[in-house]
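Dear colleague,

Please find below the structure that I am handing over to you. My notes on what was found in it follow.

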Amino acid sequence: MSRNNYIFTSESVSEGHPDKVCDRISDAILDALLAEDPLARVACETFATTNRVVIGGEIGLSDQDKLAEYMQAVPDIVRACIKDIGYEQDKFHHATCEITNLLHEQSAHIAQGVTGARGDEGAGDQGIMFGYATNETDALMPAPIQFSHAILRRLAEVRKNGTEPVLGPDAKSQLSVRYVNGKPVGVTSIVLSTQHLDENMTSEDVRAVVEPYILESLPEGWVDADTVWHVNPTGKFVIGGPDGDAGLTGRKIIVDTYGGAAPHGGGAFSGKDPTKVDRSAAYAARYLAKNIVAAGMAERCTLQLSYAIGVAKPLSIYVDTHGTGDVEADAIERAIPKVMDLTPRGIRTHLDLNKPIFQRTAAYGHFGRAPDADGGFSWERTDLAEALKKAV
């Protein structure tokens, strides 16, 4: 039996967190290649530490002879990412950090599996992917992760526009949200650790800076006299980013998705082109789950897809509406293939993913964002709701 009254906690990390720096670089390289070749195959991994960034992975191009030419742009892409994030520390600076580029051509054996000997386009790997949606927020996202992201996005805005220049790029937020009758009603604790550039600032000084922005990012009335605050609880936080802690692409998969409120298939997103179902099928699963909730079929929905490498169609589709559905889950499962082609090619076509739209996903969550006019976050649209209702 599901619980109706409980406290659930999720965390977010800022664009300056070491792992997010790496996600950003990987997705920026992906976008640069997709801008030149919409059919580019990319699996780009980034490692960052003190004054050093290492890039590795595989690339397949329509014209493989251009690989060396495209690789010449990689150092400039890396430095532009670091500069935009805001790192100009002595031991991690966009102008002086050492960059090692180890990208190389894609394995022919993997390429043949994706291209497909039967003329269809197979999945780039086996695996399971999950999507989730809940009507507890306007974005149909779990409240703890949605508002943890909102806090850090707001702090990044005021840092970058010069309103709060004392803040540094590296930060983490964490919210413990109280649920009553299954709905979020308040925050029992707030944890915020943020890098600051003034070494003389105390935790109390930092709280005085960030508290107004935290309060404006949360629903009115969610913070009260009983809410516990922990702002920079360890004291000073001046050394941040990859100088303070090494970063790696793909280590924040729960931050990227649902904050632990839903299952995760295990595959990271950043640096992977949309033929890779780790990314595209997870986007499709979110898209379908969100449209199921938007259509009023359920208050909550978890959706799982599974794939085999080289095989185009999903092996299984599983839907769980957690006892909140007005439609039987198996009826929804039968309806889904009628309204969306879930082959890798079908997903890319339906969501228009062969575009340079991925760098913007690298921080503050891949889900719960407003769709962009150029096709970014297309998986957040709710344009499939009516078709799903008719198919059921």
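**The sheet around β2**

Strand β2 pairs with strand β11 (residues 247–248) in the antiparallel sense, over two bridges. Strands here are DSSP runs of E with at least two residues, helices are runs of H or I with at least four residues, and both are numbered from the N terminus. Two strands are said to pair if DSSP finds at least two bridges between them. Within this pairing, alanine 48 stands opposite glycine 247 in β11.

Before going further, please note that this is a predicted model, in which local features need pLDDT of at least 70, side-chain atom pairs count only at pLDDT 80 or more, and totals for chains, interfaces and linings use all residues. Residues are numbered from 1 along each chain as its sequence is written, and side-chain values use heavy atoms, with hydrogens and water left out.

Strand β2 (residues 41–49) is also joined to strand β3 (residues 52–60), by nine bridges, and these two strands run antiparallel. Threonine 46 stands opposite isoleucine 55 in β3, and threonine 49 stands opposite arginine 52 in β3. The two strands form a hairpin with two residues between them, and asparagine 51 in the turn has a positive phi of about 55°.

Taken together, four strands form an open sheet with mixed pairing, in the order β6-β3-β2-β11. Strands β6 (98–105) and β11 stand at the edges with a single partner strand each, so one side of each has no neighbour in the sheet.

**Pocket and cavities**

Rolling a probe the size of a water molecule over the atoms shows where empty space is left. The search uses a 1 Å grid over the protein atoms alone: a cavity is a set of points where a 1.4 Å probe fits but cannot get out, a pocket is an open set with protein on both sides within 12 Å along at least five of seven lines, and lining residues have an atom within 4 Å of a point. Grid points are joined across faces, edges and corners, and a volume is the space filled by probe spheres set on the points.

The largest pocket has a volume of about 420 Å³. Its lining consists of 21 residues, and those nearest its centre are Arg3, Tyr6, Tyr132, Gly182 and Arg300. Strands β1 (6–13) and β7 (127–134) each supply at least two residues of this lining. By class, the lining has seven nonpolar, nine polar and five charged residues. In this scheme Ala, Val, Leu, Ile, Met, Phe, Trp, Tyr, Cys and Pro count as nonpolar, Asp, Glu, Lys and Arg as charged, and the others, Gly among them, as polar.

How many cavities of 30 Å³ or more does a search of the whole structure find? There are two. The largest cavity has a volume of about 90 Å³. It is lined by 14 residues, of which Phe130, His264, Gly265, Phe269 and Ala282 are the closest to its centre. The largest share of this lining, three residues, comes from β7. By class, the lining of the largest cavity has eight nonpolar, five polar and one charged residues.

The second largest cavity has a volume of about 70 Å³. Helix α5 (143–160) and strand β8 (167–180) are the elements that give two or more residues to its lining. Among the residues that line this cavity are Ser14, Arg159 and Tyr364.

**Two residues to look at**

Arginine 279 is found in helix α9 (residues 277–294). Is this residue buried or exposed? Arginine 279 is buried, because its relative accessible area of 1% falls under 20%, whereas exposed means over 50% and partly exposed lies in between (1.4 Å probe, protein chains only). A polar atom of its side chain lies 3.1 Å from the backbone oxygen of lysine 272. The side chains of arginine 279 and threonine 361 are joined by a polar contact of 3.1 Å; such a contact is a pair of N or O atoms within 3.5 Å, where within protein one must be able to donate a hydrogen and the other to accept it, and residues adjacent in sequence count only if both atoms are side-chain atoms.

Glutamate 136 lies in the loop between β7 and α5. This residue is also buried, with a relative accessible area of 18%. A polar contact of 2.5 Å joins its side chain to that of tyrosine 179. The backbone nitrogen of alanine 143 lies 2.7 Å from a polar atom of the side chain of glutamate 136.

Yours sincerely
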